[in-house]
Amino acid sequence: MACILNIETSTDVCSVAVSQDGACIFSKEDHGGPNHSVMLGLYVDEAMSFADSHAIPFDAVAVSSGPGSYTGLRIGVSMAKGLCFGRDLKLLSVPTLQLLAVPLLLGKVPELPLDSLPDDALLCPMIDARRMEVYAQIFDRSLREVRPVGADVVDADTYRSYLDSHDVYFFGNGAAKCMSVIDHPRAHFVRGVEPLAKYMLPLAEKRFLNGQYEDVAYFEPFYLKAFVAKTPKKLL
């Protein structure tokens with residue numbers, strides 16, 4: 001097992017956690033943001049001091065890789081890269097939409113106990129992308145991908161093919177604005193689900209054990225790649 005520093009800055013929330021052997025041993029969160037440029041450095045310094053004072057060596061840094069806030073992701077990834085270069089650590093990336101699903105699957109959402117999810121339920125985490133557009137992905141209860149990440153312009157029919165055959169649970173900061181648009185008896189909206197560093201643990205541990213490391217020099221967050229791909233070359 002490993003000791004991993006987890007960094008999450010994809011939304012207005014800034015959070016840092018330290019995991020050791022699959023357990024969270026340190027966690028800090030700021031929900032008053034976006035204050036990433038101010039709070040992230042403080043939280044990382046506290047996390048490093050905590051680990052050093054307990055003689056716990058870090059093995060890797062995990063960072064939420066998006067989609068999400070362009071500025072937030074760049075701040076988080078820049079911090080993660082700096083730590084990896086400075087301490088010669090492995091870099092792990094955790095997709096933000098997968099991360100959003102973790103608290104539901106761990107039964108950490110009070111209004112949605114794990115045993116209340118139907119066996120064939122689908123999970124649709126959403127990140128706000130302005131207007132009626134969201135970044136969304138669809139998973140089953142085993143976190144297997146049913147539909148890949150898409151930039152969806154949401155209307156009543158966007159997810160109808162899934163809703164006609166499954167209960168679909170929508171959550172994340174993009175879900176609230178869809179409540180009045182997606183009017184289907186099998187659509188469920190779960191409030192208060194945020195991507196937090198303390199929930200990155202199982203995903204980061206799995207990537208570490210599987211040797212799924214990123215190239216520290218060339219890694220970019222999802223949002224940045226998508227932004228570059230959509231921008232005409234003459235504007236770059």
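**View A. Salt bridge between D128 and K177.** In this predicted model, local features need pLDDT of at least 70 and side-chain atom pairs count only at pLDDT 80 or more, while totals for chains, interfaces and linings use all residues. Residues are numbered from 1 along each chain as its sequence is written, and side-chain values use heavy atoms, with hydrogens and water left out. The N to O distance between the D128 and K177 side chains is 2.4 Å; a salt bridge requires a side-chain nitrogen of Lys or Arg within 4 Å of a carboxyl oxygen of Asp or Glu. D128 belongs to strand β6 (residues 122–128) and K177 to the loop between β9 (168–171) and β10, so the contact ties together parts 49 residues apart in sequence. Helices (H or I, at least four residues) and strands (E, at least two) are DSSP runs, numbered from the N terminus. D128 is partly exposed at 36% relative accessibility, and K177 is partly exposed at 21%. Buried means under 20% relative accessible area, exposed over 50%, and partly exposed in between (1.4 Å probe, protein chains only).

**View B. Salt bridge between K198 and E29.** The side chains meet at 3.4 Å, N to O. K198 sits in the loop between β10 (187–190) and α5 (201–209) and E29 in strand β3 (residues 23–30), so parts 169 residues apart in sequence are tied together. K198 has a relative accessible area of 33% and is partly exposed; E29, at 28%, is also partly exposed.

**View C. Salt bridge between R144 and D140.** Here the N to O distance is 3.1 Å. R144 is exposed at 53% relative accessibility, whereas D140 is buried at 16%. The whole structure contains nine salt bridges.
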